Amino acid sequence: MDFVAGCIGGAAGVLVGHPFDTVKVRLQVQSVDKPLYRGTFHCFQSIIRQESVFGLYKGIGSPMMGLTFINAIVFGVQGNAMRLLGHDTPTNQFAAGAAAGAIQCVICCPMELAKTRMQMQGTGEKKSSRKMYKNSLDCLVRIYKREGLWGVNRGMVTTFIRETPGFGVYFLAYDVLTRSLGCEPDDRYMIPKLLFAGGMAGIASWISTYPVDVIKSRLQADGVGGVHQYSSIADCVRQSIRREGYMVFTRGLTSTLLRAFPVNATTFATVTLVLMYARGVEEGPKDCESAQTSHHTPIQQQAQPSSL
């Protein structure tokens with residue numbers, strides 16, 4: 001039931017956060033010479049005006065498809081890693097989270113490649129006259145036919161560099177915050193505390209790895225239209241800094257942070273509510289409480305949202 005709750009919570013998080021992710025990607029990869037958007041809110045307005053509200057949800061099929069597999073990997077690896085490490089300490093939380101982040105890259109990288117390509121398709125057009133990809137699956141199939149397995153896994157190294165410490169920081173921050181805030185069974189503010197901890201942990205995770213995410217997005221968007229601009233990760237970093245300065249690594253950060261809190265809050269709220277409904281109102285709060293104290297049970301590893 002924990003796995004099902006995690007999947008439902010993750011899906012809710014994707015629905016809430018995907019528009020912000022679309023804006024983030026558009027800002028990260030737009031041309032510095034001919035920028036289409038002046039900032040986060042202008043990007044939101046432009047997409048809605050030019051492409052309708054549905055433009056904000058381009059590429060959502062990919063994260064929805066990969067959600068179940070990513071949650072299964074993250075929950076399973078993080079939970080087993082904590083059991084192997086034996087002691088529930090902040091350091092072990094970081095190590096277990098990092099291990100989960102590293103392994104789920106196998107699914108995350110192709111999923112985000114398709115998402116990025118779909119988000120960039122038909123930029124500025126309400127009805128694209130010539131769509132390269134029908135949907136996320138078609139996108140991956142076409143990339144595989146043209147570039148093989150290497151093409152489908154474009155950006156794998158940067159995804160690994162982002163996800164490994166990113167998930168480590170997420171689980172560490174979440175553990176530290178929930179211990180500090182406390183969560184007693186009779187605390188009327190227990191749920192808000194859990195939501196706050198999850199949201200802030202997501203923000204901390206994104207800030208810690210955001211520069212890598214900018215490079216990942218640029219590498220995965222490179223080649224759209226048949227023109228390849230970057231030959232390697234180092235070349236992408238050099239060209240980006242030379243043309244746009246070090247502030248390039250903050251491109252789209254505002255929309256990312258605006259997305260991080262509600263996504264994690266929505267995910268965790270949904271997980272909590274599903275678990276409480278499934279196990280009964282009396283047992284639900286006990287499960288939540290046990291996940292935040294030093295006397296953790298296996299539910300602690302299972303009830304945490306995986307969507308950063």
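1. Helix H4 (residues 90-103) and helix H7 (residues 156-181) have axes that come within 7 Å and cross at roughly 145 degrees. Axes here are lines fitted to C-alpha atoms over the stretch in contact, with angles running from 0 to 180 degrees between N-to-C directions. Helices are DSSP runs (H or I, at least four residues), numbered from the N terminus.

2. Before going on: this is a predicted model, where local features need pLDDT of at least 70 and side-chain atom pairs count only at pLDDT 80 or more, while totals for chains, interfaces and linings use all residues. Residues are numbered from 1 along each chain as its sequence is written, and side-chain values use heavy atoms, with hydrogens and water left out.

3. On H4 itself: the helix has 14 residues and reaches 20 Å from first C-alpha to last, close to the 20 Å expected at 1.5 Å a residue (expected span is 1.5 Å times one less than the number of residues). Its buried residues include Gln 93, Gly 97, Ala 98, Gly 101 and Ala 102 (buried: under 20% relative accessible area, 1.4 Å probe, protein chains only).

4. Now the rings. Tyr 170 and Tyr 174 make a stacked aromatic pair, 6.3 Å centre to centre with 10 degrees between the planes (ring centres within 6.5 Å pair, and planes under 30 degrees apart count as stacked). Because they sit four residues apart in helix H7, Tyr 170 and Tyr 174 are separated by about one helical turn.

Terms used: Helices (H or I, at least four residues) and strands (E, at least two) are DSSP runs, numbered from the N terminus. Buried means under 20% relative accessible area, exposed over 50%, partly exposed in between (1.4 Å probe, protein chains only). Rings of Phe, Tyr and Trp (its six-membered ring) pair if their centres lie within 6.5 Å; planes under 30 degrees apart count as stacked, over 60 as edge-to-face and the rest as tilted.
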